[in-house]
Amino acid sequence: MFRNRIKKSVSILISTAMVIGSVSANSSASFADTVGEETAEVNDNLAISLDTDAIGDRLTSNYTCVSAGYTAPEYSKDQISYVIADCVTDDSVLTDDTYDYEGSTKVASVKAGDTFKVTIDIPETAVYWMGLDYLSYDASILPVEIGIMIDGEYPFYEARSMVFETTWISKNLDTDRYGNEIVALPDNLIRWEYKNAMDSSYRYSQPLGIELEAGAHELEFVVQEGTVLIGNITLEAPKKIADYTGSEKAEGSELITIEAEDFYYRNDSSIHATGEYSSKINPLNTKVTVLNITDEDSFNEAGQTVTYQFDVEKAGFYYIGMNYRQSEKNDFPVFIDWKVDGEIPNTAFYSYPMQANNNFKTRTLEDENGDKLSVYLEPGTHTVSLTISAENLRYALEKVDEIMSGVSDLSLEVTKVAGTNTDKYRDLRLVRYIPDIKERLEGWTEELYALAEKATEYVDTDDADKVAAFSYLLIAARQLEDLAEDPNELVYRVGELSTSTNSVNTQIANFVDLINDNDIAIDRIYIYQEGAKLPRGLNVFKAAGMSIARFFNSFFGQSYSSSNANEEHIQVWVNRPRTYVEIMQKMIDEDFTPETGIEVDLCLMTDAQKLILSNASGDTPDIATGINYSIPYDLAIRGALVDMTQFDNYKEVFGRYSDGLLVPSVVGEGFYSLPETMNFYVMFYRTDILNKLGLEPPTTMDELIAMLPDLQMRGLNVYYPTAPMSAMRNFHGTTPLIFQNGGSLYGETAMDINVDSEETVEGFTQLTELFTLYDLPVDVPNFYQHFRNGDLPIGIADFNSYNLILNAAPEIANSWAITLVPGVEDPETGEIYRYMAGGAESSVMFNSTPEREQKAWDFLEWWSRAEVQAEFGQRLQILYGDEYIWPTANIEAFGMLPYPTSDKNIIMEQSSYILEAPRLPGSYMMERELSNAYNDVVVNGDSIRSRIDEVVKTVSRETERKLIEFGFTDSDGNVIEPYVAPNVETVRRIMSK
């Protein structure tokens with residue numbers, strides 16, 4: 001299963017790199033050595049054109065660049081409101097169902113994929129803030145995303161996708177059955193909201209101004225995500241934050257304590273509390289878990305906002321203090337915009353630096369002179385909001401974007417001239433072909449040093465070398481400085497620019513990941529006056545006493561443990577993290593048990609292999625779930641599992657899944673496992689790179705192969721799923737092209753080894769020739785990194801890659817897409833076979849009494865329902881964030897989950913092509929031998945036909961041995977009972993019984 005939490009601080013390469021090994025590039029390298037300067041002219045024809053549409057290039061058309069060219073003054077008059085019903089060009093988008101909207105009797109009702117236009121008249125040429133009234137009312141937790149065009153063009157790059165969040169409010173405290181406090185599911189507050197157009201990455205913490213000339217303009221709104229009502233459109237004067245002119249002393253002794261886990265509301269559902277044990281925080285409990293701080297892994301991204309409500313009894317000035325921990329950047333602050341009653345009081349509260357604390361420490365907000373900042377509060381109810389800001393870091397992030405792009409372009413130019421021959425003894429003067437190479441390297445060096453120097457204003461040092469958060473930039477600067485000493489060496493040191501693990505761009509990428517990691521854990525916020533005494537942590541004696549008590553309590557009543565389960569209840573072992581188990585148990589206790597009367601205890605299973613040992617000892621649960629889809633066969637063939645076709649409604653339950661995904665569940669004429677999740681494969685492609693090359697994503701393997709010369713002559717390439725499988729190329733990598741070509745691994749029975757059939761050999765040949773003939777990279781440990789880099793702009797990859805690219809590659813947002821996997825076209829029918837594997841995790845039932853088996857089946861039937869799977873997936877993402885995507889194998893449920901709409905449609909269509917290899921006696925040897933044959937052909941250059949013959953012999957011997965072991969054949973080789981090899985037709989036959 002995918003990682004519990006994707007840490008945004010993981011070091012990732014963000015350069016546009018070149019793949020070494022292109023035949024075309026080697027040819028041009030040889031030509032360069034012999035013909036000289038003519039090479040540059042010839043290779044110019046091979047270059048990616050770097051001249052792009054000004055609006056399409058985020059480096060030249062971002063808001064910083066565009067707004068620098070504004071000549072109009074800022075608008076300074078009254079707010080202008082345009083009634084949507086009066087200015088929309090197509091009345092069909094209007095609805096009377098306004099949810100009590102006060103601005104108009106009709107509003108626009110639109111959803112993802114819709115576009116609508118309005119015409120507005122601008123009174124004077126000026127720079128305006130544009131805002132929208134909107135209401136998001138669908139079940140998805142994804143925020144509304146809208147692109148805004150003016151007169152047919154995006155005013156700046158950020159306008160391509162602007163996010164309009166909804167407000168989430170907390171429910172009352174929630175506990176599990178063991179008394180531990182757990183994260184409660186927040187409610188989406190369905191109400192009309194107002195927001196100005198802002199940068200969705202929140203590098204700008206203020207709205208983005210739009211320069212408009214006087215007269216009529218057409219606005220086009222492109223809805224990319226969400227179902228939303230749009231009310232009136234507003235233009236207003238940019239607001240100024242009041243200048244800080246000093247702070248008044250907060251006379252008095254009032255103290256208001258806000259527990260940070262008690263959110264009033266927040267703009268991201270995944271911001272949540274967590275429980276820690278520390279003498280420096282409050283509250284604490286030695287027996288059970290209590291939620292007592294904001295989870296720093298959930299409150300860490302620019303733009304996230306948490307709001308707290310508090311009551312003031314006495315009017316006066318108040319200070320603001322906070323007990324918090326900020327240890328991710330151990331010498332650099334996290335910046336916070338502080339708002340009181342929805343407004344930033346003055347510039348001192350804007351992008352306020354919260355200094356690093358390795359442990360919880362209380363600090364009071366102060367100005368540059370060390371004077372405490374105060375705000376005046378009247379008696380009554382007030383709010384205080386904290387928004388993570390990247391405003392003070394924008395200068396650095398935008399500059400390194402430019403430098404990385406330039407370094408990547410230079411790497412490409414060097415490859416154009418020198419090819420991929422990195423022989424250090426070649427005599428090639430690079431400066432003859434790239435005359436300004438030295439100036440470029442030196443310029444980037446100076447810029448990086450300057451960025452590190454500027455960072456010292458936020459820390460207590462004048463030495464840039466001591467600012468650890470910017471140390472990666474200094475490493476990159478020194479590398480560039482070294483390369484600039486002799487630029488001709490770049491012929492064989494080109495990898496140091498962007499492709500190697502320690503390249504310049506790798507170091508800069510490390511900086512970007514670190515500086516964007518704004519983890520901050522908050523225990524308490526204090527609104528207090530001078531005479532109040534702020535609480536302190538436990539004294540040493542009380543802390544020691546509680547620690548001892550906690551130690552002894554840890555030996556008793558362990559939650560979600562098999563040792564703490566009730567034997568009368570159905571026992572379910574779950575091979576997933578505790579966060580998943582807590583949600584499952586809560587849903588069971590709230591829904592399943594009241595509906596059926598069946599009590600269920602969930603137990604954490606840290607290792608699925610424990611099932612085999614438990615089966616041997618006779619200590620098995622009723623159900624195990626979250627186990628690898630290949631494990632059930634080994635248990636079923638040994639008689640440990642229940643054939644689920646014995647239950648009356650099995651057809652309804654198994655009908656929830658793709659036929660091809662059920663193949664590994666088949667043993668004999670029964671189903672012995674139920675799919676839970678799928679590991680879908682789709683084709684990823686970089687829209688920006690393909691657009692530059694004038695290429696379209698391929699629909700067939702022939703089209704994919706045909707585009708390889710265009711990619712490889714530029715140092716680019718394509719990724720295939722076998723590339724990350726370094727030791728063992730499993731069925732997910734070796735079988736798709738076999739199945740797409742009409743091949744199979746087995747005939748009717750287990751002894752009918754079909755690997756040497758014409759179709760199977762054709763598929764295996766096509767697979768290996770991708771690497772031996774067409775030079776696809778054989779070993780790629782991490783497609784995600786290379787896709788971000790741009791050196792592998794096309795690839796067929798799985799769910800894990802999708803999750804990473806979607807949630808941890810913000811710099812290429814709106815620059816990539818997915819589509820169906822290219823397949824093999826049937827020459828007679830024209831149908832394209834796009835078969836890919838898709839097995840992930842499954843659930844199984846162990847043999848027990850008929851009564852317990854029926855109860856266990858009732859649980860599995862409930863757990864596999866579309867509405868239950870959808871609710872689980874939604875809860876998971878609402879509580880823990882976008883990266884907690886639930887890849888349910890139930891296709892109907894998948895359609896209800898909060899995936900981006902365009903992606904969801906592609907994934908669901910591709911899921912109809914899932915086709916898994918069968919599991920049967922000796923199939924592990926088939927998987928291993930196909931892998932060995934692949935390695936021998938691709939790596940060692942062996943003959944395909946001879947290796948296939950060896951595969952048949954080896955697999956036949958092992959299959960015969962296993963058939964004897966399980967009683968299907970006697971020791972003399974006589975068939976006692978033929979073992980029928982399952983396939984999709986077997987699945988359909990079982991479903992039609």
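In which loop does Ser351 lie? Ser351 is in the loop between E22 and E23, where helices (H or I, at least four residues) and strands (E, at least two) are DSSP runs numbered from the N terminus. The model is predicted, so local features need pLDDT of at least 70 and side-chain atom pairs count only at pLDDT 80 or more, while totals for chains, interfaces and linings use all residues. Residues are numbered from 1 along each chain as its sequence is written, and side-chain values use heavy atoms, with hydrogens and water left out.

**View 1**
Asp341 has a phi near 55°, a positive value in a residue other than glycine. Ser351 is not a glycine either, and its phi is positive at about 50°. Most residues other than glycine have a negative phi. Asp341 counts as partly exposed because its relative accessibility is 39%; buried means under 20% relative accessible area, exposed over 50%, and partly exposed in between (1.4 Å probe, protein chains only). Ser351, at 4% relative accessibility, counts as buried.

The peptide bond that joins Asn282 and Pro283 is cis, with omega about 0°. Most peptide bonds are trans. Pro283 is placed in the loop between strand E18 (273–274) and strand E19 (293–294).

**View 1. Seven-stranded open sheet.**
The strand order is E11-E8-E17-E20-E26-E22-E23, and the pairing is antiparallel. Strand E11 (187–189) and E23 stand at the edges with a single partner strand each, so one side of each has no neighbour in the sheet. Two strands pair if DSSP finds at least two bridges between them. Strand E20 (residues 305–312) and strand E26 (residues 380–389) are joined in the antiparallel sense over eight bridges. In this pair, Val312 stands opposite Gly380 in E26.

**View 2. Surroundings of Met322.**
Met322 belongs to strand E21 (residues 316–326). Its relative accessible area is 0%, so Met322 is buried. Thr362 is 40 residues apart from Met322 along the chain, yet their C-alpha atoms are separated by 5.3 Å. Contact means heavy atoms within 4.5 Å.

**View 3. Second largest pocket.**
This pocket has a volume of about 1,100 Å³. Of its 35 lining residues, Tyr194, Lys195, Met198, Lys339 and Gly342 are the closest to its centre. On a 1 Å grid over the protein atoms alone, a pocket is an open set of points with protein on both sides within 12 Å along at least five of seven lines, a cavity is a set where a 1.4 Å probe fits but cannot get out, and lining residues have an atom within 4 Å of a point. Grid points are joined across faces, edges and corners, and a volume is the space filled by probe spheres set on the points. E26 gives the largest share of the lining, five residues. Strands that each supply at least two lining residues include strand E5 (126–136), strand E12 (193–196) and strand E17 (265–266). By class, the lining divides into 10 nonpolar, 14 polar and 11 charged residues. Ala, Val, Leu, Ile, Met, Phe, Trp, Tyr, Cys and Pro count as nonpolar, Asp, Glu, Lys and Arg as charged, and the others, Gly among them, as polar.

**View 4. Largest cavity and Ser842.**
The structure holds four cavities of 30 Å³ or more, and the largest contains about 60 Å³ of space. Its lining includes Tyr629, Ser673, Pro675 and Ser842. Five nonpolar, five polar and two charged residues make up this lining. Ser842 is in strand E40 (residues 841–845) and counts as buried at 4% relative accessibility. Among the residues that Ser842 touches, not counting those up to four places away in sequence, are Tyr629, Ser673 and Pro675.

The order is E35-E36-E34-E37, with mixed pairing. Strand E35 (718–719) and strand E37 (816–819) are the edge strands, each with a single partner strand, so one side of each is left without a neighbour in the sheet. E35 and strand E36 (residues 794–798) run parallel and are joined by two bridges. Helix H24 (residues 799–808) lies across strand E34 (681–686), E36 and E37, at about 110° to E36. Axes are lines fitted to C-alpha atoms, for helices over the stretch in contact, and angles run from 0 to 180 degrees between N-to-C directions.
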